[in-house]
Amino acid sequence: MATHQQDEVAADLQKQLIFYQQQDPFCRFYGVRIVALQLGYAVAEVTVSEQNKNFMGALHGGFLCALADLTAGKAALSYGVSCVTSNLTINYLKGCPSGLV
């Protein structure tokens, strides 16, 4: 059974989720949706579009890296901690020409 404190945390996270959808410039410009937000956990999704493709017609690697950075930042913010990424490494396995990421 959820405690009052857990209910408050859940309500606060829901407010954060709505705020990100409406106010985060990156999310708004690229159509990124934060679809789950819990303490220390976030899930974002975006549909591949012409806005975020490279010249070869696949999702731009830099965009995917920015999406990972954004999602990790939202997970950290769920604890009420402001942070910046000092280092991020991604190894790509294959391109993503279309669909939901």
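Me: How many salt bridges does the count come to?

Reply: This is a predicted model, in which local features need pLDDT of at least 70, side-chain atom pairs count only at pLDDT 80 or more, and totals for chains, interfaces and linings use all residues. Residues are numbered from 1 along each chain as its sequence is written, and side-chain values use heavy atoms, leaving out hydrogens and water. A salt bridge is a side-chain nitrogen of Lys or Arg within 4 Å of a carboxyl oxygen of Asp or Glu. By this rule the count comes to three.

Me: Which residue forms a salt bridge with Lys 74?

Reply: Side chains of opposite charge can pair when their charged atoms come close. The side chain of Lys 74 has such a partner at 2.7 Å, N to O. The pair links distant parts of the chain, 50 residues apart: Lys 74 is in helix α3, and its partner is in the loop between α1 and α2 (25–30). The partner is Asp 24.

Me: Is Lys 74 buried or exposed?

Reply: Buried means under 20% relative accessible area, exposed over 50%, and partly exposed in between, with a 1.4 Å probe and protein chains only. By that scale, Asp 24 and Lys 74 fall in one class. Both are buried.

Me: How far apart are the closest N and O atoms of Arg 33 and Glu 45?

Reply: Arg 33 is in strand β1 and Glu 45 is in strand β2, 12 residues apart, and the pair links distant parts of the chain. Arg 33 has a relative accessible area of 28%, so it is partly exposed; Glu 45 is partly exposed too, at 23%. They form a salt bridge, with the closest N and O atoms at 3.3 Å.

Me: Which residue forms a salt bridge with Lys 53?

Reply: Lys 53 lies in the loop between β2 and α3 and is partly exposed, because its relative accessible area is 24%. The closest N and O atoms of this salt bridge are 3.4 Å apart. The partner is Glu 50.

Me: What pattern does the chain follow, read along the sequence?

Reply: Helices (H or I, at least four residues) and strands (E, at least two) are DSSP runs, numbered from the N terminus. The chain has three helices and two strands. Read along the sequence, they follow the pattern α-α-β-β-α.

Me: Which residues does Leu 67 touch, not counting residues up to four places away in sequence?

Reply: Contact means heavy atoms within 4.5 Å. Leu 67 is one of the buried residues of α3, among them also Phe 63, Leu 70 and Ala 75. Beyond its sequence neighbours up to four places away, Leu 67 touches Val 32, Ala 44, Val 46 and Val 101.

Me: How far apart are the C-alpha atoms of Ser 78 and Asp 12?

Reply: Ser 78 is in the segment after α3 and is buried, because its relative accessible area is 5%. Not counting residues up to four places away, Ser 78 touches Leu 13, Gln 16, Leu 37, Gln 38, Leu 39, Gly 40 and Tyr 41. Although Ser 78 and Asp 12 are 66 residues apart along the chain, their C-alpha atoms are separated by 8.8 Å.

Me: What share of the residues in the chain is buried?

Reply: The C-alpha atoms fill a box of roughly 50 × 25 × 25 Å, taken along the principal axes. The chain has 101 residues. Of these, the buried ones make up 25%.
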